[in-house]
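Here's a quick briefing to read alongside the coordinates.

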Amino acid sequence: MSITIVGNSAAAVGAIEAIRAYDADVPIHVITAEGPAIYSRPLISHYVAGDIDRQRLAYRGSSFYEDHGVDTVFHEPVTAIDPEGHTVTTNAGRVVSYDKLLLAVGGSPIVPPMPGLDLEGVTTFASLEDAQAIESLLKQGRARHAVVVGGGMIGIKATDALTKRGIRVTMVELAPRILIRALDDESAAMMTRLFGRAGVRVLTENTVAEIIPDNGHIAGVVLQDGQRLDCDLLVFGIGVRPNVTLARDAGLEVNRGLVVDRGMRTSDPDIYAAGDVAEAYDLVVDLNRTVAIWPNAYRQGAIAGAQMLGQPREDHGGIPMNAIEVAGVPCVAIGSGNAEGASYDVLTRGTAADGSRGQPQYRRLVLEGNRLVGVILVGNISRAGIYTGLIRHRVDISAHRDSLLSDRLSLLSVPEDYRKHVVRGESIEV
Amino acid sequence: MKRIVIHEEYCIGCRLCEVHCLVAHSSSRDIIKAYRNERNTVISRVIVEESGPLSFAMQCRQCQDPRCLEACPSGAMHRDPDTGAVTCDESRCVGCWMCIMVCPAGAVQQSLTQHKVASKCDLCQDAGDPACVAHCPNEALTYEEVL
């Protein structure tokens, strides 16, 4: 019996730690296109912002693989899987056999095709390489005005980080408002105003149509509406696309992501998938979908790790969620926090800070029948996980609507049975 | 491992647990100095929930399968290899608040220090019994071997 894992981020680490919790001896091979460092992609915005140094990007220590008895192959992307022969092949022609295979290959940043993508100063915002390229331009004082394409989570994090470094940023979003997949109109407007106060220009219903070169470097962009912006840094922060080519070529069932069951198993019984590449069960919408967030990746990896050893651990479903900060104001979006329409009951509280001063406060709860299905918080995010627990456990909260909307959210805001369950701390799984 | 067990029927809401938690996590470890000089930098990691006659002291439940640990992208949230306690290595925390967003007990808080970090119960690892347990006059908190 041997396990091969392709990838070296959250899902891979989750799998390795779970496997070793059950079995100290089973051979584990990790093959990755990247280097030996296990770094944290979500932290690259903190690195670019100057909040942390390079060392603190490390998610696990440099001896992680050694400590966990893992054989490693670095800098070799896997180019083919042979499900029949139970082998994978790398770009260097190396063939590694497996009994169980975990694809934790993540996603790739989406970049619209256009001339000039290879110019200096044009980058995505997904990897250590990206962050170092940006950092080197910033250090040399060669980036003063940036254009960030995308007003979603990645674009927001890139914009906030660059703004903290004193870069003038114009953010361009194709949708009518920023964070359209996470926030409602009100909270998105709050974040937009916060950006405005920080000197960021936010342009919506627009995108970059053309890159203007200048001697191998970017000099500016032309937007869809024809206006020209001078810039020396262009960051694509649109989103990620699951890396499914490898799996599709191997004949596995692929939708948007690599389709997996509750045990993270793909359509091949010996191949598992976890993390950004996986299209796993999402309990908020009661469907499989790809949700590229760290907590899901780690947990899915851990479930796959257990399952590959025949342990019965199952996925009870992920919840899309994210936390961002704009100009020091935190904002949390959990589940279907931005849902609108007749099938939902929406409770809101709070105020946009007027004009130029004050911290905005906002709380939006979305109910479907008697259950909480989504939350948006701006400003006060204290104890937000209480909401996540209610969503996850599908708790009937119909008698607690008012107290849940309170700014002093506590465990006294939830039904007694559920409170006692949490207080006992017996189990977090339903 | 030992965990803190909450007995809400004995809690009178005196908040001595909060006082002694704050002191235990202050730099001075002195009740007067902690309250007079350190209130802007240190918070209690135990929270007394109170409504009318009902009250109980709430801190990290030390989940077997902690959501905070899997959600933490910095590696700060970890299980202590010696004691098994889930604790936050504040020198690695970046204050992304993912742990706050996933903790069903709401037991992780934003710290007050300049360096933004997540603050949670560490079971007072370097002492004997956790301070909240040791100073509860009613045994509304006990420290017991569970599971």
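Which residues have the most contacts inside the largest nonpolar core? They are Ala15(A), Leu102(A), Leu103(A), Leu258(A), Ala274(A), Ala57(B) and Cys99(B), in a core of 186 residues. Keep in mind that this is a predicted model. As background, nonpolar side chains in soluble globular proteins tend to be buried together.

**Where the chains meet**
- On the chain A side, 36 residues are in contact with 28 residues of chain B.
- α8 (294-308), β22, β23, α9 and α11 (416-424) of chain A each give two or more residues to that side.
- By class, the chain A side splits into 21 nonpolar, nine polar and six charged residues.

**The five-stranded sheet in chain A**
- Five strands form an open sheet in the order β22-β23-β26-β25-β24 (chain A), and the pairing is antiparallel.
- β22 (321-326) and β24 (345-351) of chain A sit at the edges with a single partner strand each, so one side of each has no neighbour in the sheet.
- From one strand to the next, the twist averages 10 degrees.
- Helix α9 (residues 385-392) of chain A lies across β22, β23 and β26 of chain A, at about 160 degrees to β26(A).

**Around strand β20 of chain A**
- Strand β20 (residues 278-282) of chain A has four of its five residues buried, so the rest of the structure largely encloses it.
- β18 (residues 258-259) of chain A runs parallel to β20(A), with two bridges joining them.
- Leu258(A), one of the core residues listed above, stands opposite Ala278(A) in β20(A).
- β21 (residues 287-289) of chain A is antiparallel to β20(A) and linked to it by three bridges; here Tyr281(A) has Asn288(A) as its bridge partner.
- The hairpin of β20(A) and β21(A) has four residues between the strands, and Asp286(A) takes a positive phi near 60 degrees there.

**Inside chain B**
- In chain B, 11 residues of domain 1 are in contact with 13 residues of domain 2, and the domain 1 side has five nonpolar, four polar and two charged residues.
- Seven of the nine residues of helix α1 (residues 16-24) of chain B are buried, so the helix is largely enclosed by the rest of the structure.
- Those buried residues are Cys17(B), Glu18(B), His20(B), Cys21(B), Leu22(B), Val23(B) and Ala24(B).
- They pack against α2 (31-37), β2 (47-51), β3 (54-58), α5 (131-134) and β8 (141-145) of chain B.
- Leaving aside residues up to four places away in sequence, Ala57(B) touches Ile6(B), Cys11(B), Cys17(B), Val46(B), Val48(B), Cys132(B), Ala140(B) and Leu141(B).

Methods: Residues numbered from 1 in each chain as written. Chains lettered and ligands numbered in written order. Predicted model: local features only at pLDDT ≥ 70, side-chain atom pairs only at ≥ 80, totals over all residues. Contact = placed C-beta atoms within 7 Å. Nonpolar A, V, L, I, M, F, W, Y, C, P; charged D, E, K, R; others polar. Core = buried A, V, L, I, M, F, W, Y, C linked by C-beta atoms within 7 Å. Buried ≥ 20, exposed ≤ 12 C-beta atoms within 10 Å, placed from the backbone. Pairing = 2+ DSSP bridges. Axes fitted to C-alpha atoms, helices over the stretch in contact; angles between N-to-C directions.
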